[in-house]
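The following note sets out points for a colleague who is reviewing the model. Please read it alongside the sequence and the coordinates.

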Amino acid sequence: MMSATTMLKTILLGALIVIGLVAQGKHAHAAGTEVLTVAGGCFWCVEADFESVPGVGDVVSGYTGGTLKNPTYKDVTRGGTGHFEAVQIMYDPSRVSRDTLLAMFLRSVDPTDAGGQFCDRGESYRTAIFADGPSEKSAAQTAIAKAQAVLGQKIVTPVLPLQTFYKAEDYHQGYYKGSKLIVTRFGPKRQSEAYKRYRKACGRDERVMALWGAAAPFAKGH
């Protein structure tokens, strides 16, 4: 019969094996995920767009590109920090390529506007693609060149070095699908309904359709 000490060791060994397998699983998942960081005006809208793309696992809203550490939403929208409202798109490259996501991004914004996006004006609402190293920079530049040739207009969206990405406040995450009741200029609305009204009033989809027509990947769905 197994002694109590031996049994305890066996249980502990089994637990360690399970923990190890779980950790390996998490590592494998992380290793199979790549990240694209972009700024496209209101991060609620970019998050809503790209979370609908097959192969995209998660989209996180945040701030990057500036000098202030741990910025808040008020800091960034007030201006002077250099930060953009941005998102990090977590995707599975075996299901959707970086090149495809870059092409979709450029066709989901107005890349000819250097002063903001749609009704949102100011430095924090500018467009940008953030590149981590030469290969990502080259991919972004190629995507811009192709989009510019199709559009027939100068694209001003810059390719910038990837800097620290600061996750935005919790209430910004998944804002477009939130169910919280909030007070708006349209009266009390569910968060998701307030988002839809904001997006329509801001003219995002109307402008994107005017620029890109049938090539706009998301505007037709709103």
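How many of the residues of strand E3 are buried?

1. Basis of the note. This is a predicted model, in which local features need pLDDT of at least 70 and side-chain atom pairs count only at pLDDT 80 or more, while totals for chains, interfaces and linings use all residues. Residues are numbered from 1 along each chain as its sequence is written, and side-chain values use heavy atoms, with hydrogens and water left out.

2. Strand E3. E3 is mostly covered, with 8 of its 8 residues buried; buried means under 20% relative accessible area, exposed over 50%, and partly exposed in between (1.4 Å probe, protein chains only). Phe84, Ala86, Gln88 and Met90 point one way from the strand, Glu85, Val87, Ile89 and Tyr91 point the other way, and all are buried. Helices (H or I, at least four residues) and strands (E, at least two) are DSSP runs, numbered from the N terminus.

3. Partners of E3. Two strands are taken to pair if DSSP finds at least two bridges between them. E2 and E3 run antiparallel and are joined by 8 bridges; Thr64 has Phe84 of E3 as its bridge partner. E1 also pairs with E3 in the antiparallel sense, over 5 bridges. Leu36 stands opposite Ile89 in E3, and Glu34 has Tyr91 in E3 as its bridge partner.

4. The sheet as a whole. The strand order E7-E6-E1-E3-E2-E8 describes an open sheet of 6 strands with mixed pairing. Strand E7 (159-161) and strand E8 (166-167) stand at the edges with a single partner strand each, so one side of each has no neighbour in the sheet. E6 (residues 127-131) pairs with E7 in the parallel sense over 3 bridges, and Phe130 stands opposite Leu160 in E7. E1 and E6 run antiparallel and are joined by 4 bridges, with Val38 opposite Ile129 in E6. Of the 7 residues of E1, 5 are buried.

5. Helices on the sheet. Helix H4 (residues 98-106) packs on the sheet and touches E1, E2, E3 and E6; contact means heavy atoms within 4.5 Å. The direction of H4 makes about 10° with that of E1. Axes are lines fitted to C-alpha atoms, for helices over the stretch in contact, and angles run from 0 to 180 degrees between N-to-C directions. Helix H5 (residues 134-151) lies across E6 and E7 and runs at about 145° to E6.

6. Helix H2 and Phe43. All 8 of the 8 residues of H2 (residues 43-50) are buried, so this helix is largely enclosed by the rest of the structure. Phe43 lies in H2 and is buried, with a relative accessible area of 1%. Leaving aside neighbours within four places in sequence, Phe43 is in contact with residues including Tyr63, Tyr73, Glu85, Ala86, Val87 and His172. Phe43 and Gln173 are 130 residues apart in sequence and 9.1 Å apart in space, C-alpha to C-alpha.

7. Val96. Leaving aside neighbours within four places in sequence, the contacts of Val96 are Val53, Pro54, Gly55, Val56, Tyr91 and Leu101. Val96 and Pro54 are 42 residues apart in sequence and 7.2 Å apart in space, C-alpha to C-alpha.

8. Cavity. A search of the whole structure finds 1 cavity of 30 Å³ or more. On a 1 Å grid over the protein atoms alone, a cavity is a set of points where a 1.4 Å probe fits but cannot get out, and lining residues have an atom within 4 Å of a point. The largest cavity has a volume of about 40 Å³, a volume being the space filled by probe spheres set on the points. Helix H7 (residues 204-212) gives the most to the lining, with 3 residues.

9. Chain totals. The chain has 7 helices and 10 strands, and buried residues make up 43% of its 222 residues. Residues 24 or more positions apart account for 70% of the contacts with a separation of 6 or more.

Notes:
On a 1 Å grid over the protein atoms alone, a cavity is a set of points where a 1.4 Å probe fits but cannot get out, and a pocket is an open set with protein on both sides within 12 Å along at least five of seven lines; lining residues have an atom within 4 Å of a point.
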